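The following exercises concern the architecture of one protein.

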Amino acid sequence: MSGSAALASDIARPIIAIVGRPNVGKSSLFNRLIGRRRALVRDVPGVTRDRLYGQVEFERWRATAVDTGGFDPGSVEPLVEGVRRQILVAVDEADLVLMVVDAWDGVTALDEEIARVLRRSGRPVVLIANKVDAAGQEPALSEFYRLGLGEPVAVSAEHGRGVAEMLETVRARCPRPAPAPAASAETPHIAVIGRPNVGKSSLVNAIIGAERVLVHSEPGTTRDAVDTTLVYRDRPYVLIDTAGIRRKGRVSEPLEKLAVVMALKSLERCQVALVMLDASEGLTAQDAHIAGYADAAGRASVIVVNKWDLVPPGMVRKAEVVDQIRDRLPFLGYAPICFTSATRAEGVAELFEAIDTVAAEARRRVPAPAVTATLQQALGRRPMSIAGVPLTIQSANQVATGPPTFAVRVNKPGEIHFSYERYLINALRRAFAFTGSPIRLSFRRAVGPRGRRLRR
Ligand code: GDP
């Protein structure tokens, strides 16, 4: 076993949501928690303002803090409703909630309402009494016990007072993550390929930085650890060759040739290829070139249209982009298409869904009788003769996965035209899907009752 699994518990990242009524200091607390690290802004449907995500590091413990944002002052919605909705969204994704109150204001009606929603949620809550700026100036905190959330922790988000003690409490109260499943040969091994600057390293970083992602091994921890093992929604994945991708500096003149070499190298080891395109630039010849390698290598593929944020809303519809890709990359017609913005970490959930689908499909086996029947029916619909002799299909069965490969016993192997082979592949595709994977046929000579070769 690699050392990566041992690291898992050290770097598991719970999600901590910060909630509270306006002006209690939620944003100050958020900024205090994430320090100098950059916050990620994200839109959440149904919530008036963007939410901020940031990494919290405390000794060797890490967490993701979420600032649920304020409430739109222009909203006609009653404040209580806005607060309630905001909190329900926050609680939904959080492992632990920090409820912030103003130590000097005492308990307000809105605090009571928030506490009520939180108590019902069943999530662990740490009550934070903010604005306790100096020793000897401590307001009476006993009143806050009334909220039913236990002992309030006094802090000054503004001055940093009490923050370390607060983090100790939070760390102790955070539910421990379940032991993560370790990677195995079955684990989807994913390569991100594409020409320079389409956003490969940005995507890798977005995936690694996404909340709910648990990174087992960082590239570079040992000399040849170029793969990153991670767990997303309780499933393990391996991102391969991430060192090459992530370490890439600001090379102003990217070597196009190198991109091809890297793509070929990582295609050798992956099961799933993310074929990345740049939505702002459209499809180039090199995109098609690299995509062709994924098909030729027999890998399960997902086409990723990145930088979707650069396409002005309403200018181009996704359906048009899909049509264009299908037109320009007809050989990848089996690959699902996802839209992402790596820099905004958008589209990651959908991307993982597609990865799961194509990985499962690439491993699927279908029974021989169904395969034989499908191909014989296709032949019946479109009979074929080779040098005057009608083609016959004796039997067919799946001999390999990743990519699904079928041995087809026929009377004339080696003489079947490419276009007819494609017709048969399409018949299998309609019957069994194998989404994401190329389908391969291997024509073999029909055999007699005891396995003897048939003449003719
Ligand atoms: P790579 O060469 O394929 O690894 O590309 P990088 O990840 O280095 O990205 C190239 C440039 O595109 C960088 O300046 C990124 O910030 C930018 N970029 C990457 N993904 C996105 C995206 O989704 N949206 C926008 N607007 N810019 C992006």
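**Overview**

The secondary structure of the protein comprises 13 helices and 19 strands, where helices (H or I, at least four residues) and strands (E, at least two) are DSSP runs numbered from the N terminus. The model is predicted, so local features need pLDDT of at least 70 and side-chain atom pairs count only at pLDDT 80 or more, whereas totals for chains, interfaces and linings use all residues. Residues are numbered from 1 along each chain as its sequence is written, and side-chain values use heavy atoms, with hydrogens and water left out.

**Exercise 1. Describe how strand 1 is placed and paired.**

Step 1. Determine the burial of strand 1. Strand 1 spans residues 15-19, and five of its five residues are buried (under 20% relative accessible area; exposed is over 50%, partly exposed in between; 1.4 Å probe, protein chains only).

Step 2. Assign the directions of the side chains. Ile16 and Ile18 point one way, while Ile15, Ala17 and Val19 point the other way.

Step 3. Identify the neighbours; two strands pair if DSSP finds at least two bridges between them. Strand 4 (residues 61-67) runs parallel to strand 1 and is joined to it by four bridges. Strand 5 (residues 96-102) also pairs with strand 1 in the parallel sense, over four bridges.

Step 4. Locate alanine 17 within these pairings. Alanine 17 stands opposite valine 66 in strand 4, and its bridge partner in strand 5 is valine 97.

**Exercise 2. Characterise the packing of helix 12 and helix 13.**

Step 1. Two packed helices are described by the angle between their axes and the distance between the axes.

Step 2. State the values. Helix 12 (residues 368-381) and helix 13 (residues 418-432) pack at about 130 degrees, with axes 10 Å apart. Axes are lines fitted to C-alpha atoms, for helices over the stretch in contact, and angles run from 0 to 180 degrees between N-to-C directions.

Step 3. Classify the angle. Angles under 35 degrees count as roughly parallel, over 145 as roughly antiparallel, 65 to 115 as roughly perpendicular and the rest as oblique; helix 12 and helix 13 are therefore oblique to each other.

Step 4. List the contacts (heavy atoms within 4.5 Å). Residues of helix 12 including Ala370, Val371 and Leu375 meet residues of helix 13, among them Tyr420, Leu424 and Phe432.

**Exercise 3. Is threonine 372 buried or exposed?**

Step 1. Find its position: threonine 372 lies in helix 12.

Step 2. Apply the cut-off. Threonine 372 counts as buried because its relative accessibility is 13%.
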